[in-house]
Amino acid sequence: MSSIKNLEYKIANNKKAIEKIKIKILDDNKTQMHIIHKALKQQLKNGRIRNANTKTRSEIRGGGKKPWKQKGTGRARAGSNRSPLWRGGGVIFGPKKKIYKSKINKKEKRLAINTLIANKFGQTIIINTLLANITKPSTQQAIKEIQQIGIKIDKRKKILIAIEQQNHNIYLSFRNLKNIEIIEVNSFNILSLLKADTILITHAAIRKLNYFI
């Protein structure tokens with residue numbers, strides 16, 4: 001069974017301000033684990049591509065002429081120099097390029113993401129703005145703003161930052177910090193949420209999140 005849950009987020013460096021969102025989540029823990037696992041498998045499978053590719057005898061160039069006549073030479077009969085038995089010939093049952101696809105219902109995926117957002121409530125911080133005054137990328141300024149919120153940048157801890165829309169300066173400022181991931185709020189996905197030890201969401205992004213929940 002699912003239910004509507006009200007989440008009240010305090011905005012960092014502003015104790016009085018509170019941002020509320022309503023979120024539809026699953027109640028039962030077993031069902032939660034099942035739906036999250038299902039959505040994770042779907043995301044991982046859709047990101048998988050098998051690039052190994054071999055050619056069969058019909059795909060290899062050449063081999064149209066019979067190498068020698070059928071009888072009278074004393075050699076084994078041969079019809080093509082592209083036979084799998086020959087060097088440079090085709091490959092029998094070799095790997096072929098494959099793109100893996102898996103499907104999950106939209107409502108199931110949305111429920112899985114919502115449930116994870118609710119479960120990560122304690123690790124989520126809302127901030128007013130992020131690098132609002134910079135005119136060019138600055139990793140130094142990015143680190144400074146993160147530390148001002150009270151978050152230590154540790155290589156062992158993953159930080160997920162959700163912003164309202166793509167911003168080139170913000171992306172370039174955080175690109176060198178490998179444990180920090182920047183995504184648009186409407187691109188929340190299971191893998192990013194699961195890996196994150198801390199989630200930072202801008203005030204504008206949390207309001208936009210209400211439209212996608």
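Which residue forms a salt bridge with Asp-154? Hold that thought for point 3.

1. **What you are looking at.** This is a predicted model, where local features need pLDDT of at least 70, side-chain atom pairs count only at pLDDT 80 or more, and totals for chains, interfaces and linings use all residues. Residues are numbered from 1 along each chain as its sequence is written, and side-chain values use heavy atoms, with hydrogens and water left out.

2. **The core.** The largest nonpolar core holds 32 residues. Here a core means buried Ala, Val, Leu, Ile, Met, Phe, Trp, Tyr and Cys residues joined through side-chain atoms within 4.5 Å. For burial, the cut-offs are under 20% relative accessible area for buried, over 50% for exposed, and partly exposed in between (1.4 Å probe, protein chains only). The residues with the most contacts inside this core are Ile-117, Phe-188, Ile-190, Leu-193 and Ile-201. Two or more residues come from each of strands E1 (2-11), E2 (14-26), E6 (159-163) and E8 (198-202), and from helices H1, H2 (106-119), H5 (190-195) and H6 (203-212). H2 gives the largest share, 6 residues. The element names follow DSSP runs numbered from the N terminus: helices are H or I with at least four residues, strands are E with at least two.

3. **Salt bridges, and the opening question.** The partner of Asp-154 is Arg-156, with the closest N and O atoms 3.3 Å apart. Arg-156 is exposed, at a relative accessible area of 73%, while Asp-154 is partly exposed at 24%. The rule used is a side-chain nitrogen of Lys or Arg within 4 Å of a carboxyl oxygen of Asp or Glu, and the count comes to 3 salt bridges.

4. **A helix-to-helix pair.** Glu-108 and Lys-38 meet through their side chains in a salt bridge, 3.1 Å from N to O. Glu-108 lies in helix H2 and Lys-38 in helix H1, so this pair ties together parts that are 70 residues apart in sequence. Lys-38 itself is partly exposed, with a relative accessible area of 32%.

5. **A pair inside one loop.** Lys-96 and Glu-59 also form a salt bridge, at 2.9 Å from N to O. Both sit in the loop between E3 and E4, and the pair links distant parts of the chain, 37 residues apart. Lys-96 is partly exposed with 29% relative accessible area, and Glu-59 is partly exposed with 42%. Lys-96 also has a C-alpha to C-alpha distance of 9.7 Å to Thr-56, although the two are 40 residues apart in sequence.

6. **Phe-93, worth a look on screen.** Phe-93 is in the loop between strand E3 (49-50) and E4. Its phi is near 55 degrees, a positive value in a residue other than glycine. Phe-93 is exposed, with a relative accessible area of 82%.

7. **A positive patch.** Lys-41, Lys-45, Arg-48, Arg-50 and Lys-98 form a positive surface patch. Patch members have over 30% relative accessible area and no salt bridge; like charges are joined within 9 Å, and for nonpolar side chains (Val, Leu, Ile, Met, Phe, Trp, Tyr) the limit is 5 Å. Lys and Arg count as positive, Asp and Glu as negative, and His and the chain ends are not counted. One of the patch members, Lys-98, is in strand E4 (residues 98-99) and is partly exposed at 38% relative accessibility.

8. **Two distances to check.** His-37 belongs to helix H1 (residues 29-46) and is partly exposed, with a relative accessible area of 46%. His-37 and Ile-190 are 153 residues apart in sequence, yet their C-alpha atoms are 9.0 Å apart. Ala-204 and Leu-40 are 164 residues apart along the chain, and 27 Å separates their C-alpha atoms.

Key: Areas by Shrake-Rupley, 256 points an atom, 1.4 Å probe, with all protein chains shown as cover. Charge placed at Lys NZ, Arg CZ, Asp CG, Glu CD.
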